[in-house]
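Please look over the structure below before reading on.

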Amino acid sequence: MSPTPVLRLHNITKRFGSLVANDAISFDVREGEVVALLGENGAGKTTLMNILFGHYVADEGTVEAFGKVLPAGDPNAALAAGIGMVHQHFTLADNMTVLENVALGTQSLWAPRLDRKEASSRIRALAQGFGLVVDPDATIGRLTVGERQRVEILKALYRDARILILDEPTAVLTPGEAEALFRTLKLLVAKGLSILFISHKMHEVTAISDRVLVLRGGKLVGERKTNETDSRAMAALMVGGEIASPKVEAVQRGSVRFALSQVSARPPAGVPLNNLTLELHGGEIAGLAGVSGNGQATLAALMAGTIAPSSGTIAVDGREARSWTPRAALGAGIGRVPEDRHAVGSIGDMTVAENVISERYRTRRFSRFGFLDWTAARRFAEELVRDYDVKCPSPDARIRLLSGGNMQKLILGRALDGDPPVILANQPTRGLDVGAVAYVHSRLLQARKRGAAILLISEDLEEILALSDRVYVMSKGRLSSPSARGERSVSELGELMAGRSEDALHAA
Amino acid sequence: MRLEPKPAPSFAATLLYPLGAVAATLVFTSVLALLAGASPLDVFLLVAKGAAGSQFALMETLTRATPLIFTGLAIAVAFRAKLWNIGAEAQLYMGGVATVVLGTGALPLPAPLLIPILMAASMLAGALLLLGPAFLKTRFGVDEVVTTLLLNFIVLLFVSMLLEGPLKDPMGMGWPQSIKVLPEARLPRIITGRRLHYGFVLAIVASVILWVVMKRTTLGYEMRAVGHNPEASRFAGIPVNSVLMKTALLSGGLAALGGFSEVTGLKGNLTSDLSANFGYTGIVVAMLAMLNPLGVVASAIFVAGIFVGADSMSRAAGVPSYIADVMVAVALLTMVTAIMLTRFRIRWR
């Protein structure tokens with residue numbers, strides 16, 4: 001039958017307080033096999049991987065590699081046993097070369113120097129064998145995200161990994177880079193390596209894996225051969241029911257509500273923007289696609305008011321803004337959902353009531369003569385909790401205690417309060433479960449229906465395509481021309497995301 | 001070893017851990033008492049008696065607590081906004097300087113006018129002193145711990161210079177001290193024959209006002225928001241830099257009131273030993289009170305009691321009064337640990 005298991009998890013249980021992140025999970029991975037671990041955010045995938053690699057200690061259960069039980073909580077033992085991990089967030093030193101990064105930690109601290117020649121030839125051999133083209137002498141800081149990921153994989157292979165764990169490897173890649181990654185993975189499997197692939201994207205799982213394990217709420221709820229199942233069935237397993245895709249009704253396109261003309265911005269850290277022009281119409285969702293780190297953050301900061309343009313003008317409803325600050329943006333009628341709900345969207349150690357008034361505490365609604373009206377603040381918090389279906393013990397609970405989805409609903413409620421004519425939604429559904437994602441989408445569509453102009457920034461192309469009336473692509477700080485719904489194919493958008501110019505696209 | 005947050009601290013834990021902290025402090029200081037050759041029980045009883053065993057002792061403790069309440073409030077308000085003001089010592093002295101400059105005859109006014117003017121002037125002096133470091137922090141990112149700490153030494157030397165020069169009392173037999181403030185500028189005693197003065201009442205009023213400001217006003221809300229998360233505050237439209245400036249003015253002003261109160265209530269003049277490290281001890285007071293303005297009153301009385309009690313204990317038992325410093329320090333460390341343990345649990349590996 002099938003080859004022998006190289007990795008075996010037995011009855012892994014991990015609790016965080018009252019939360020059971022992993023509940024008695026057992027499975028094995030065989031030689032030369034790609035196993036996909038599918039599950040929503042918060043299903044326990046990352047916790048499981050951290051246990052497997054020794055970052056966490058399981059409360060119960062064991063991990064076996066090649067027939068030997070691994071000591072708990074020891075990443076070095078996992079490495080020595082031939083397990084390599086490619087994290088979602090790379091663990092590379094930016095100011096060192098590929099060679100130094102790959103060899104880092106493989107040599108004794110007492111070794112007088114690095115045998116560069118030998119290391120370099122081994123890296124080249126590995127790189128050629130597996131299609132991981134990268135220059136060993138290049139500095140990491142100069143590499144693209146896709147190249148950095150190749151270095152991470154090389155790092156694992158250099159240590160003779162026989163089992164490779166990839167945690168959401170495509171989250172930061174363009175569609176084209178993802179294709180290349182899949183080709184590499186197939187080569188690795190052909191050489192007898194085993195791969196455990198973590199994802200929540202259905203199409204990747206079908207494209208690459210032999211077997212799928214589905215996690216939901218910390219439990220292993222299903223195991224299927226990939227060729228014996230389909231994405232609908234997997235999605236249903238993952239969510240525990242059918243999911244409805246958002247219904248986008250036809251809405252009359254309105255006038256321009258928000259306009260950037262010839263705007264340049266130089267943020268203290270981040271991608272500068274040059275001569276950017278963008279118009280958002282009422283009753284329309286404009287989607288901004290792109291690989292993260294291509295200037296979306298700068299554009300979002302500009303729209304939110306946290307940075308001011310160095311030249312050019314910003315106009316809301318035709319009125320040109322003079323001084324541009326967060327308060328000015330709010331005053332002009334921009335509802336803002338920030339990218340990072342923990343660091344920017346909320347103040348974790350303050351209560352729900354204190355958080356929901358943060359943009360409006362100075363208005364007559366919540367204060368008089370410098371004294372706050374806590375009754376009004378609590379009432380507002382209760383309204384949002386009710387209207388947005390937030391699970392929250394009381395307005396006086398610290399917002400830190402809420403789950404990501406509930407926190408996001410509150411932030412959305414705060415941003416949409418008073419029906420702002422312009423809405424900035426920056427990664428509004430990142431890290432949310434399917435139910436919360438659907439909810440956020442329905443609220444944005446509702447705002448669109450009442451005539452708001454919405455900019456939706458997302459790294460999830462499927463989300464952009466599902467919601468947007470027009471799609472922009474941002475690459476290296478430049479904005480593409482917009483395309484109407486369905487005008488450009490996914491692969492065309494992918495090429496734009498990868499930095500190809502529109503002219504090149506038309507010529508092809 | 002790592003810390004995992006507890007979802008909700010149990011009631012028993014919030015009660016037991018601080019008691020454990022007190023017990024640990026007593027155990028630790030017992031060892032020191034034994035080393036000094038005294039019975040720990042005697043030492044503790046003598047400290048307690050010296051701090052609160054008689055009306056006289058209690059009045060002395062409250063007198064000692066007065067400047068600590070002011071500096072404790074100054075620290076509490078600044079730390080709440082994460083403005084690390086280590087310079088309450090200097091601000092207190094500036095308050096004393098302003099009081100003496102205007103209160104020794106420059107303004108011949110009746111008490112109901114003079115006292116408020118001196119209060120306002122001293123607050124202004126302390127506030128302006130902290131404005132510099134706050135400006136450097138908000139504008140250029142200069143670490144205010146360094147600037148406020150170093151200002152302490154500069155101001156102390158500046159005060160010495162004034163006391164040897166322009167402010168020197170010509171009748172002072174050569175001592176570096178200023179002339180006494182006018183009788184109209186003096187804060188009256190609360191009980192005749194005891195040193196406790198109305199500065200203590202002023203301190204209580206200040207702490208209640210500050211408590212209301214922190215809880216109920218937009219300014220208090222802004223300061224707490226900026227302290228907890230400046231980035232989110234900025235995003236929400238809270239003017240972070242201007243809030244930090246206001247915090248600095250308030251904090252510096254409160255510390256300076258301590259100087260005003262010591263000069264007009266207790267000493268009568270300015271000397272270079274006006275403060276017995278009140279600015280630094282204020283940090284301990286504020287931390288013990290978990291930055292709560294009302295808690296500052298209690299923790300200032302507690303800390304003052306230990307110092308006053310230890311002084312009288314050392315005369316009776318022959319144990320050096322430095323044990324008071326150790327007690328306060330250990331109490332702070334164990335209390336901070338206890339507070340942390342009520343909110344987190346430790347996981348070994």
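Is Arg253(A) buried, partly exposed or exposed? With a relative accessible area of 42%, Arg253(A) is partly exposed, where buried stands for under 20% relative accessible area, exposed for over 50%, and partly exposed for what lies in between (1.4 Å probe, protein chains only). This is a predicted model, in which local features need pLDDT of at least 70 and side-chain atom pairs count only at pLDDT 80 or more, while totals for chains, interfaces and linings use all residues. Residues are numbered from 1 along each chain as its sequence is written, chains are lettered from A and ligands numbered from 1 in the order in which they are written, and side-chain values use heavy atoms, with hydrogens and water left out.

The side chain of Arg253(A) meets that of Glu284(A) in a salt bridge, at 3.1 Å from N to O; the term stands for a side-chain nitrogen of Lys or Arg within 4 Å of a carboxyl oxygen of Asp or Glu. This pair links distant parts of the chain, 31 residues apart, with Arg253(A) in the loop between α8 (231-239) and β11 (256-265) of chain A and Glu284(A) in strand β13 (residues 284-289) of chain A. Such helices (H or I, at least four residues) and strands (E, at least two) are DSSP runs, numbered from the N terminus.

Over all chains, a search of the whole structure finds 36 salt bridges. Another of them joins Arg430(A) to Glu339(A), whose closest N and O atoms are 3.1 Å apart. Here too distant parts of the chain are linked, 91 residues apart: Arg430(A) lies in the loop between β19 and α15 (434-449) of chain A, and Glu339(A) in the loop between β16 (334-337) and α11 (341-345) of chain A. Arg430(A) is partly exposed at a relative accessible area of 38%, and Glu339(A) counts as partly exposed at 31%. In chain B, the side chains of Lys137(B) and Glu144(B) meet in a salt bridge at 3.2 Å, N to O; Lys137(B) counts as partly exposed at 22% relative accessibility, whereas Glu144(B) is buried at 3%. Salt bridges also link Arg8(A), Asp28(A), Arg30(A), Glu33(A), Arg211(A) and Glu223(A) in a network.

On a 1 Å grid over the protein atoms alone, a pocket is an open set of points with protein on both sides within 12 Å along at least five of seven lines, a cavity is a set of points where a 1.4 Å probe fits but cannot get out, and lining residues have an atom within 4 Å of a point. The volume of the second largest pocket is about 640 Å³. Two or more residues of its lining come from each of α9 (296-304) and β19 (422-426) of chain A and α9 (230-235) of chain B, and α9(A) gives the most, with six residues.

Four cavities of 30 Å³ or more are found in a search of the whole structure, and the largest cavity holds about 80 Å³ of space. Its lining includes Gly131(A), Gln149(A), Arg150(A), Leu173(A) and Glu177(A), and at least two lining residues are supplied by each of α5 (145-158) and α6 (175-190) of chain A.

Two residues of chain A stand out by their backbone angles. Asp317(A), in the loop between β14 (311-316) and β15 (319-320) of chain A, has a positive phi of about 50° although it is not a glycine, and Asp317(A) is partly exposed at 31%. Gln427(A), in the loop between β19 and α15 of chain A, likewise has a positive phi, near 50°, in a residue other than glycine, but Gln427(A) is buried, with a relative accessible area of 5%.

Methods
Grid points are joined across faces, edges and corners, and a volume is the space filled by probe spheres set on the points.
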